[in-house]
Each structure stands twice: as C-alpha cells, then as structure tokens.
Amino acid sequence: MKLSVKEVCKEKGLTIQDLADKMEMKRESLSRAINGNPTLETLEKIASALEVDITELFGPSSSGGIIGVIRIRDTNYNINSVSDLSWLLDRIESGEIVL
C-alpha cells in the first residue's frame with residue numbers, strides 16, 4: 001500500500017516539517033512512519049492534522065480497488081490485493097494469527 005501523505009501535504013501547501021510541527025513530533029520520526037509501516041494510531045493522527053479522512057492518505061490501488069488495514073490485537077495488516085487478504089485468512093485459519 002502506498003501512502004500518499006506527501007501528496008496530500010503538497011495539495012494543502014504544507015511540507016513534511018509543517019506537518020511534523022503540527023503533530024508536535026520530530027520530522028525524522030514522521031518521515032520514518034510515512035516511509036515504513038505506520039500504526040493505525042499514527043495514521044489517524046496524520047489524517048487529523050491534515051484534516052482529511054484517513055482513506056485520503058492512501059494512493060490509488062493497482063489491485064482493482066482493494067485497500068485496507070485490518071487490525072488484529074496490536075498488529076496492523078495492510079491489505080492491497082485479494083492475495084494479501086488470502087494470505088491473512090490462511091494465517092488465521094492455520095492458527096498462526098490468533099483473533
């Protein structure tokens with residue numbers, strides 16, 4: 001899943017530094033979150049700071065429209081395709097991931 005935080009910032013006339021300042025965090029920490037695997041909580045904070053719906057933080061999906069984050073316990077699983085969803089379901093059915 002490609003985050004488009006930078007694109008949303010650009011549309012709003014903000015830099016990543018502006019966003020980090022607004023979120024009261026270091027730019028480096030925000031950049032790591034954006035370029036890594038941010039938690040749902042971080043995504044919610046970014047969306048709130050940018051005053052957008054969380055779905056606007058994600059670029060268009062090349063998988064036919066499947067985009068999602070499934071949170072199981074304290075772990076977020078990014079779903080970008082049917083195969084991602086199938087992989088997650090296989091792990092749940094095998095007991096590797098416990099609901």
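The model is predicted.

The chain comprises five helices and two strands, arranged along the sequence as α-α-α-α-β-β-α. Of its 99 residues, 33% count as buried. The chain exposes about 6,500 Å², and carbon and sulfur atoms account for 50% of that area. Among contacts between residues at least 6 apart in sequence, 43% join residues at least 24 apart.

The largest nonpolar core has 18 residues, of which Val5, Leu19, Leu30, Ile46, Leu50 and Leu57 touch the most other members. At least two residues of this core come from each of helix H1 (5–11), helix H2 (16–23), helix H3 (27–35) and helix H4 (40–50). The greatest contribution is that of H4, which gives five residues. Another core, of five residues, lies apart from it and includes Ile72, Ile79, Leu88 and Ile97.

Helix H5 spans residues 82–94. Its 13 residues reach 18 Å from the first C-alpha to the last, close to the 18 Å expected at 1.5 Å a residue. After H5 comes Gly95, which has a positive phi near 90°.

Leu85 is part of H5. This residue counts as partly exposed because its relative accessibility is 33%, a value that falls between the limits of 20% for buried and 50% for exposed. Together with Ile70 and Leu89, Leu85 forms a nonpolar surface patch with about 210 Å² of accessible area. In an α-helix, residues three or four places apart point the same way, because there are 3.6 residues a turn.

Definitions and conventions:
Residues numbered from 1 in each chain as written. Predicted model: local features only at pLDDT ≥ 70, side-chain atom pairs only at ≥ 80, totals over all residues. Heavy atoms only, no water. Patch = residues over 30% accessible without salt bridge, like charges linked within 9 Å, V, L, I, M, F, W, Y side chains within 5 Å. Areas by Shrake-Rupley, 256 points an atom, 1.4 Å probe, with all protein chains shown as cover. Salt bridge = Lys/Arg side-chain N within 4 Å of Asp/Glu carboxyl O. Helix = DSSP H or I, 4+ residues; strand = E, 2+ residues; numbered from the N terminus. Buried < 20%, exposed > 50% of the residue type's maximum accessible area, 1.4 Å probe, protein only. Expected span 1.5 Å × (residues − 1). Core = buried A, V, L, I, M, F, W, Y, C linked by side-chain atoms within 4.5 Å. Contact = heavy atoms within 4.5 Å.
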